[in-house]
Amino acid sequence: MNDTNSNWRKNAHPRTVSLQNGLRSALDFSDTSDFEDANRGFIGTIEDATIRNASGKVVWSQKDYAFLDGADAPFTVNPSLWRMSKLNKIHGLFKVCDRIYQVRGFDLANITFIEGDTGLIVIDPLTFEEPARAALDLYEKHFGPRKVLAVMYSHSHRDHYGGVKGVVSEEDVAAGKVQIIAPEGFMEEVMSESLLAGIPSRRRAEFQVGTYLEPGPQAHVDSGLGKGMGTGTSGLIPPTHLITHTGERMLIDGVEVVFQMTPGTEAPAEMNFYFPQMRALNMAENACHTMHNLCPIRGAKVRDALAWASYLDESVDLYAGQADVCLAQHHWPTWGAEKVVTFLSEQRDLYRYLHDQTLRLMSHGLTPREISEQLMMPSELSRRWSTRGYYGAVVHNVQAIYAFYMGPYDGNPVNLNPLPPSAAAAKYMEYAGGAEHAIARAREDFERGEFRWVAQIMNQAVFADSTNQAARQLCADAFEQLGYQAESATWRNAYLLGARELREGLRPREKDGNRISPGVVSKLPMPLFFDFIAIRVVGERVEGQTVLFDWQMTDEKSCTKVTLSNGALSHRPGSHGEAADAVLQTTRAGLFQALQAEIGFAGAVQSGDVRITGNAKQVLALLAGLDSFDPLFNVVEP
């Protein structure tokens, strides 16, 4: 996070100050039990949690968050979010219970170490290799070297698998020295969320976690689940063993693990872990100290609130009285059998209430915006710190539940085929008597503290004319106040990054952070690989072409028949036989080379990493013509 220009930032508006003071009075800030739990079992850390890559560049640090050490929240930060930001600043190695340790605050997620009889089991090796390695080094500094014998991915989001090569090598996995354990459907969901929709999701994730906002009380303070995302080297080693059903057990280096499958909850492929010897329950990301997202603002498949509540109820039923500690892959643990049951029950009730009340109000004919405007959480739940919306929020969770059952259409025919944003915005400004008149009215509304409306109408002015600086600045000012007010860290980050991009434009920077890693793509099961290739086919370029070719992975002794017709690329296991126009042969290593931007498939053919017999020109033309994506597209302007 790096930003030296802060001159444009504004102070909190009187309306924002009033709202912050109101929240200070409504919540019990004298309750410090979470701080006691977040510090419990502390063993040690590295200074400021500063982590560097092999070339010495800082890829993660909490040094610039020293401003959070202040006792009281400034008016530019929601006081409840300020409290969570202080909690997420706590970093280091912590003992959870006998044989279980966590490193927290080195990444958005936690990494968990479980001591076996001879080695270590790792749960969720973070987003990037450098923090994962630093976490393992910290453990070994205090307890000596131990061989990692197994890695368990709790679910299919990148912050829970991307750093795997920081703790184990591909060679050891291939040799059978390390198991990689994941829930059934893991690779398919990694493909779906991280790769098929990876470019727009990662760009939108910049808004969700505030990747390019600098730390400060008028900018980035937190990301809700953790401090932030960081940077570094990300990869993937596919699972060697899949867990398929609840109650499945494994004995790994003397440690018994009982699995609870929770598909369709926080991730499409996810599982919880129970360790009976330690009476410890790991809830993956299904029960953290926040209201979670039912659809993150970065974009994802909508999650099933009813299933989420049901699996939490199952967790209570399975493990009540059997777990003395409940930990997760974000935030800090909860200790005590009764407290564990209370915590899980409140999380269950949170998602069940959101689900049931949204469906109830839907049945009265209310639309998502109408429901979210009036739906209030029960007072008992709303007073619990662990059910407040630091990562999710009632508003977009209601919208997610509605979309899960009804899709994006709200039933009003006006929304069947509306004008696209810029065309509609031009008409709005025309009907408003011109942008100058609309801006003058909006300034009056801003002074009254009507920031939501000012943002809406100035967004129309910006999409009608993106060069209108007055509209851009006023929209940014409204975004900023909404960001200051937001209890949800993801909302705050989105508003404040939106404000900055309106004021300064989209800053030039390295695009690689949003690109899909060739190392990940080259490891995909072949059906998923071809799905990834298919979304890059430019339909109009290949219209009228029909190409049949076989794709052979010689090191895996597999063959896929690939068909291009009517602009669509289809694939199935098998061979076209004599009908094939060409046959392409490669290995996983060759595929990795071909996916390097500076080499490409043509270069891989020249080097011998890829061989094509038959109509090579036709196949290479298809592969060379695949679309490329600019990951730095506009969001808050056309």
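Predicted model: local features only at pLDDT ≥ 70, side-chain atom pairs only at ≥ 80, totals over all residues.
Residues are numbered from 1 along each chain as its sequence is written, and side-chain values use heavy atoms, with hydrogens and water left out.

Helices (H or I, at least four residues) and strands (E, at least two) are DSSP runs numbered from the N terminus. Helix H8 covers residues 305-319 and helix H9 covers residues 337-362. The expected span of a helix is 1.5 Å times one less than its number of residues; for the 15 residues of H8 this gives 21 Å, which agrees with the 21 Å between its end C-alpha atoms.

Two packed helices are described by the angle between their axes and the distance between the axes. H8 and H9 pack at an angle of about 160 degrees, and their axes are 8 Å apart. H8 is therefore roughly antiparallel to H9. Axes here are lines fitted to C-alpha atoms, for helices over the stretch in contact, with angles from 0 to 180 degrees between N-to-C directions; angles under 35 degrees count as roughly parallel, over 145 as roughly antiparallel, 65 to 115 as roughly perpendicular and the rest as oblique.

Contact means heavy atoms within 4.5 Å. On the H8 side, the residues that meet H9 include Trp308, Leu312 and Asp313, and their counterparts in H9 include Leu344, Arg348 and Tyr351. By class, the contact of H8 with H9 has nine nonpolar, four polar and three charged residues (Ala, Val, Leu, Ile, Met, Phe, Trp, Tyr, Cys and Pro count as nonpolar, Asp, Glu, Lys and Arg as charged, and the others, Gly among them, as polar).

Buried denotes under 20% relative accessible area, exposed over 50%, and partly exposed in between (1.4 Å probe, protein chains only). Buried residues of H8 include Trp308, Leu312 and Tyr319. The cover over the buried residues of H8 includes strands E12 (255-261), E13 (271-275) and E14 (280-282), together with H9 and helix H12 (394-406).

Asp124, in the loop between strand E7 (120-123) and helix H4 (129-143), has a positive phi of about 60 degrees although it is not a glycine. Asp124 counts as buried because its relative accessibility is 0%. Asn566, in the loop between strands E18 (558-565) and E19 (568-573), is likewise not a glycine and has a positive phi of about 55 degrees. Asn566 counts as exposed, at 78% relative accessibility.

Arg388 lies in the loop between helix H11 (379-382) and H12, and at 15% relative accessibility Arg388 counts as buried. Beyond its neighbours within four places in sequence, the contacts of Arg388 include Leu23, Ser80, Met291 and Glu487.
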